[in-house]
Amino acid sequence: MTFLESFNPVNGDVVGQVPVTPAEDIPGVVARARSAQANWAGLGLDGRKKALSGAASRIRENADTIGRQLTMEMGKPLSSGVGEVLEV
């Protein structure tokens, strides 16, 4: 499996990596996304709002961790990284 690495611009350290989806897997990924879209649309506005509100809550709960990652990946001050997360 191939990975895309993220580097700290200050010292060049690898701070994370994500797998790269092979080209031959893309049609299946797109098909699953299209299938899921029908269910998402079926939730209606209130259902989608509830789902996204829950996701936003989890992001806020983890603002420090996510902010630290942003700081390492972009070389920005920690307060800026956390602040960026909390703006979501």
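In which helix does Gly42 lie? Gly42 lies in helix H1, which covers residues 26–42, where helices (H or I, at least four residues) and strands (E, at least two) are DSSP runs numbered from the N terminus. The model is predicted, so that local features need pLDDT of at least 70 and side-chain atom pairs count only at pLDDT 80 or more, while totals for chains, interfaces and linings use all residues. Residues are numbered from 1 along each chain as its sequence is written, and side-chain values use heavy atoms, with hydrogens and water left out.

**Salt bridges**

- Side chains of opposite charge can pair when their charged atoms come close.
- The count comes to 2 salt bridges, a salt bridge being a side-chain nitrogen of Lys or Arg within 4 Å of a carboxyl oxygen of Asp or Glu.
- In one of them, the side chains of Arg58 and Glu61 meet at 3.9 Å, N to O.
- Arg58 and Glu61 both belong to helix H2 (residues 44–61), and because they are 3 residues apart there, about one helical turn separates them.
- Arg58 counts as exposed at 54% relative accessibility, and Glu61 counts as exposed at 59%, given that buried means under 20% relative accessible area, exposed over 50%, and partly exposed in between (1.4 Å probe, protein chains only).
- Glu84 forms a salt bridge with Lys76, and the closest N and O atoms of this pair are 2.3 Å apart; Glu84 counts as partly exposed, at 31% relative accessibility.

**Helix packing**

- Two packed helices are described by the angle between their axes and the distance between the axes.
- The axes of helix H3 (residues 63–74) and helix H4 (residues 78–86) come within 7 Å and cross at roughly 125°, where axes are lines fitted to C-alpha atoms, for helices over the stretch in contact, and angles run from 0 to 180 degrees between N-to-C directions.
- That angle makes H3 oblique to H4, because angles under 35 degrees count as roughly parallel, over 145 as roughly antiparallel, 65 to 115 as roughly perpendicular and the rest as oblique.
- The crossing of H3 and H4 is right-handed, a term used if the near helix is turned clockwise from the far one by less than a right angle, and left-handed if anticlockwise.

**Nonpolar surface patch**

- Leu4, Val18 and Val20 form a nonpolar patch on the surface, and together they have about 260 Å² of accessible area, computed by the Shrake-Rupley method with a 1.4 Å probe, with only the protein chains shown counting as cover for residues.
- Patches are made of residues with over 30% relative accessible area and no salt bridge, with like charges joined within 9 Å and nonpolar side chains (Val, Leu, Ile, Met, Phe, Trp, Tyr) within 5 Å.

**Separations along the chain and in space**

- Gly42 counts as exposed at 64% relative accessibility, and the C-alpha atoms of Gly42 and Ala23, 19 residues apart in sequence, are 30 Å apart in space.
- Ile59, placed in helix H2, is partly exposed with a relative accessible area of 32%, and its C-alpha atom is separated by 30 Å from that of Ala23, 36 residues apart along the chain.
- Thr21 lies in the loop between S2 and H1 and is partly exposed at 43%; Thr21 and Met1 are 20 residues apart in sequence and 8.6 Å apart in space, C-alpha to C-alpha.
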